[in-house]
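Please view the sequence and the structure first.

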Amino acid sequence: MTRNKNKFNITPYLFIFPVFVLLAALVIYPICYALYLSVMKTNLTNKWEFVGVANYLSIFKDGSMVKSLLTTFQFTVVVVLGHLVLGTILALALNKKRPGVNAFRTVLIIPWLLPDVVVALLFKWIFNANYGVFNNILIRLGILEKNQAWLSTGLAFVILAAVCIWKGYALIMVNMMAGFQSVPEDVYEAAKLDGASPVQTFFRITVPMIRPVISTAVILDTVWWFKHYTIIKLLTDGGPNNATSTVSITIYKEAFSYHNYGVAAAGAGVVFVVCWLISKIMRRVMDQNA
Amino acid sequence: MKRKLAAVLSVSMLASLFSGVAANAEEEITLTIMSCLQTEDEAELESAMAEAYMAEHPNVTIEFISVANNDLDAQVTTMAASNDLPDAFFMNCAFMSTALDMGIVADANDYISDEFKADLSEEVINYCTLNDTLMFIPWFQIPVALIYRADWLEQAGIEKIETMDDFREAAKSFTEISGNYGFSMVGARNGSGEARFSVYAKAFGVDEVWQNEDGTWESDLTSDKFKTALQSFVDLDLVDGVVPAGASETAYQDAVTYFANEQTGLIISGSNAVGAILNRNPELAGKLGSVPIPAATTEEGRHVTNLQVSGYTITTACEHPEEMADFLEFMAGYDNAVSFGSATGRIPVTNSALADEAFTGSEYIGFSECMQYSLPYSTFPAYAEVQDIFGEAYNSMLTGSSLDDAVATVDGRITELLGEYNQ
Amino acid sequence: MHKKNKSLSRHKKAEGTLSYFVLVLGACMVILPVLWMVITAVKNDMEIYQMNGRILPVEVSFISFVRIWRDYDFALYFRNSLLVTAAAVLVSLIASALTGYGATRFEFKGKSAFLSFILMTQMFPSIMLLVPFYKILSIYGLSNSLVGLCVVYISFTIPFCSWMMVGYYRTIPVEIDESAAIDGASSLQTFIRITLPLVRPGLVSSAIYAFITCWNEYMFAAILIMNDKMKTAAVAIAEMNGYYRIAWNDMMAASLVASVPLIIAFIFMQKSFISGLTAGAVK
């Protein structure tokens, strides 16, 4: 047995081989390519000029990227917290076997099933200034006198965040449900016998036990929404007044509107590092509480 | 292994060589064309032209690659970076200088026929030419002018919209007549809004960016005339209230919708809006009029237009540029251009087709008239970013920024940008 | 004793009522926007564009539903979406289950590095990956093909699926497969026969996640696929929001139809989802 341990064992590597190869082949090269771009001034075809860290410097010199990073932080915090709160509450409500729960579960999963494109356009349509049902209802109720362009007001950020919460809470909800199921029933029984209140049981027993199952979901949820593009692009396109201009919007513009691929790639590199730091910190925090 | 591969390769090469000799007379040719009209109303018309051409030339196969206009530049860039370009792609004028710089544009001067070229006006040729390269074979143009409801204008008792003051007057009257609004402003920041505002600002004498004698780039975006233009533009919404709610997020298709549904009666647009409006509301036929963009009543006020000539760029990857050019000229030829133009408002580029009676009606008169005021497209390499700069300016003012703040941002961005190119 | 039971059941009742209250609220939040989608889809072109017009349609019109089959080739787009999605889901499941087993059952050099590597692949903004992805695919001759798209999707879904599977495998006691090993089963046999049935909830959740991700992906499908015959449903819907025109009712109709397969798939999979969850490994 001891001898076995010292010997190189190839079995585990065989198990992880498929994922490793697929990711190495598909993701490493693109990331390296983008990092390479980030130190170049290039048009991707016939001009390749090495500029060192100039692209990175220009990002920090030019306030717009820094500002959009801050906006992205705000956006991500609001959206992920929203997912957590809404997802947990709904998962708790769905957790017990009661009549009709299956139907509710199917309904509650719908936003997650809808394509980002559809979600964005649907809410754009609902909040449309002239034909939107939102204005229409408010006017009928007498709350509003004149059509409002909601997505051009200070509320645009709030609406955008709400839509993104609506779209994404189900992922957390499903993972929470699976997590709740993984907690053995007798643990609850024991807690009940000890006289713990449901709230106490939830925070002292359930949360620590499901943490391994949901922590990755939460970290990835954070990272994904940090980088999110489609809904923001279609719903507000960074407006009004750059209030919803997140890094992804800025990077896309830099690359495909201004054709500054180097600067865009540098921006992407910064996001990469930021996301990595966020995940490190979150992992640390979650492990600490365990 | 290697030897085997080489053997197979050489056999297949030989085979292709022979087949090449045999089929020389009627070589099978496939032309791939990246089109962003294939996702729009015009798809069928364009496909029909290709069908007709293929029927005449059985050895030619034309394949359209459809891509949404918003993704077009990204798509072309992506393919160029992988040496995987199609034979031709639709050219957005904002992409011209970038594409030329990337070395993916074949000079169409080498392939265009003399006959066809002779039928083009000087303005059109100038528009398509960048650094002596004919960037694409012109197919249609959508010059920017002002479209208005002729019946409402009469009702309002206004004779003609000649100046910006007349325009404002008309917008106010139309707001009363429609019971909704007067002017379909495109205030979104998506390229299309900027193109319209650009013409509006130019009517105040603004020249966004130009090169002086010693080659330095300069800009009017920091000038007083730009401020006047900017303020007068956003005041249509903020002060006069003649613009439908949500101007800052109104895209072209929304603006057309307002007009077609008789909720506004004025729109600054390319001639294709005529086609789009009539498509959506055929009852408006005969009620549309057009005039060149009104001149500002300031000292430097002028009529102006952007011809927005469009067509397909033959790429350097195209192996049959002559055949491609022949097909592109076929699409722009008299018969096709007249029927395509009258159905879509994308009017012909050739003088002969333009003279057709299909384009002499009141809805097109302003478009033909404005062509004399055409300015060539900017040659500034980062013009797309310049557009974004003034786009941000009007857009932010529509959502509450003050003129001073907006202009300060413009100032900072344009100075930095020009600095980069003046080094 | 008797009294305590009574208060407990009252407590349970209150909890039940609260649950239903939350669920109804949540359901309204979901259904109202979707309802507006349905209403828009059955309105005719004129009614859509009335300023502050009627909320309910004057007449129910199914013209949009007719148009999406007649004027657009949605049958084909659905087929494409389904092919790409099914293949990507299958590959992701197999690969990620293997990883989950390998990473929890063995100690080996570079394990934690490998796991963070999987996560790190998720942290690069995908927009900047468009160009290099296209480059790779064209090197292998897979650009503009459904296979190429499928490969890209696999790289999107594998990281999260792998992590989910690692999480699930962690909840399953190693003793179970140790006892199998004593019976003489090889690692692969243990993996397939003993542990796969136990991680079914994880597999189903991963499958649902992967399915949704692939079915709904837009940006890469729009750029990597150029042939009209290979377009996916999400791209076709997005293209209805054209540069020159926007057909709200057609788009809403298409979106509804595109969501139906997902909802059906979910209802169908929900059964095994639930049974998988409740029959879960950890007792």
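## A185(C)

In chain C, A185(C) sits in the loop that links α8 (174-182) to α9 (187-198). Helices here are DSSP runs of H or I with at least four residues, strands are E runs of at least two, and both are numbered from the N terminus. The model is predicted: local features need pLDDT of at least 70 and side-chain atom pairs count only at pLDDT 80 or more, while totals for chains, interfaces and linings use all residues. Residues are numbered from 1 along each chain as its sequence is written, and chains are lettered from A and ligands numbered from 1 in the order in which they are written.

A185(C) is partly exposed because 16 other C-beta atoms lie within 10 Å; buried means 20 or more such atoms within 10 Å, exposed 12 or fewer, and partly exposed in between, with C-beta atoms placed from the backbone. Apart from neighbours within four places in sequence, A185(C) contacts A180(C) and T190(C) (contact: C-beta atoms, placed from the backbone, within 7 Å). Between the C-alpha atoms of A185(C) and Y153(C), 32 residues apart along the chain, the separation is 34 Å.

## Chains A and C

Chain A puts 74 residues into the contact and chain C 80 residues. On the side of chain A that touches chain C, helix α2 (residues 11-37) of chain A gives the most, with 17 residues.

## D214(B)

D214(B) belongs to the loop between β9 (210-211) and β10 (217-218) of chain B. D214(B) counts as exposed because it has 5 C-beta neighbours inside 10 Å.

Definitions and conventions. Contact = placed C-beta atoms within 7 Å.
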